[in-house]
Amino acid sequence: GRVCVYSKKWRKLNRAKSNFYTSKRRTMLRGLTSPTADMGKIKEFYVLAENLSKTRGIRFVVDHILPLSRGGLHHQDNLQVITELDNLRKWNKYPFEVSMLFNPNLVQIERT
């Protein structure tokens, strides 16, 4: 029979594929997928996150460097694999704002 992509058992056994399909659908419906996005490369991020989670014993997730909520797009150049805890700390901040969380002595230099 046909396998339902959304069954709990399938999602658990195929976490990387499930997360990839869910994020792809969610960002496409919201118009947040870049027209130049390479879905093959994006899928590799989800596979890497799943493999790191299995081998390291802590959960890794795919994160948008420039958050979708702040103008970022779903594109391979805007993705990184980080721990779930780091992702929760980052929330929807820009990369510099995240650096400030960990090192409040940083000074931002304005480019001209």
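Let me begin with a definition: rings of Phe, Tyr and Trp (for Trp, its six-membered ring) pair if their centres lie within 6.5 Å, and planes under 30 degrees apart count as stacked, over 60 as edge-to-face and the rest as tilted. With that in hand, Phe20, Tyr21 and Tyr46 form one aromatic cluster.

Before going on, please keep in mind that this is a predicted model, in which local features need pLDDT of at least 70 and side-chain atom pairs count only at pLDDT 80 or more, while totals for chains, interfaces and linings use all residues. Residues are numbered from 1 along each chain as its sequence is written, and side-chain values use heavy atoms, with hydrogens and water left out.

The structure holds 2 aromatic pairs. Phe20 and Tyr21 make a tilted pair, at 5.5 Å centre to centre with 55° between the planes. In the pair of Phe20 and Tyr46, the ring centres are 6.2 Å apart and the planes stand at 65°, so this pair is edge-to-face. It links distant parts of the chain, because Phe20 lies in helix α2 and Tyr46 in helix α3, 26 residues apart, where helices (H or I, at least four residues) and strands (E, at least two) are DSSP runs, numbered from the N terminus.

Which of these rings are buried? Here buried means under 20% relative accessible area, exposed over 50%, and partly exposed in between, using a 1.4 Å probe and protein chains only. Phe20 is buried, with a relative accessible area of 4%, and Tyr46 is buried as well, whereas Tyr21, at 31%, counts as partly exposed.

Let us turn to α2 itself. Its 15 residues should span 21 Å at 1.5 Å a residue, and the end C-alpha atoms are 21 Å apart, which agrees; the expected span is 1.5 Å times one less than the number of residues. The buried residues of α2 are Ala16, Ser18, Phe20, Ser23 and Thr27, and they pack against α1 (8-13) and α3. Taking contact as heavy atoms within 4.5 Å, Ala16 touches Tyr46, Val47 and Glu50, not counting residues up to four places away in sequence. After α2 comes Gly31, whose phi is positive, near 70°.

Finally, the core: a nonpolar core is a set of buried Ala, Val, Leu, Ile, Met, Phe, Trp, Tyr and Cys residues joined through side-chain atoms within 4.5 Å. The largest one here has 10 residues, among them Ala16, Phe20 and Tyr46. Two or more residues each come from α2 (15-29), α3 (39-56) and β1 (60-64), and α3 gives the largest share, 4 residues.
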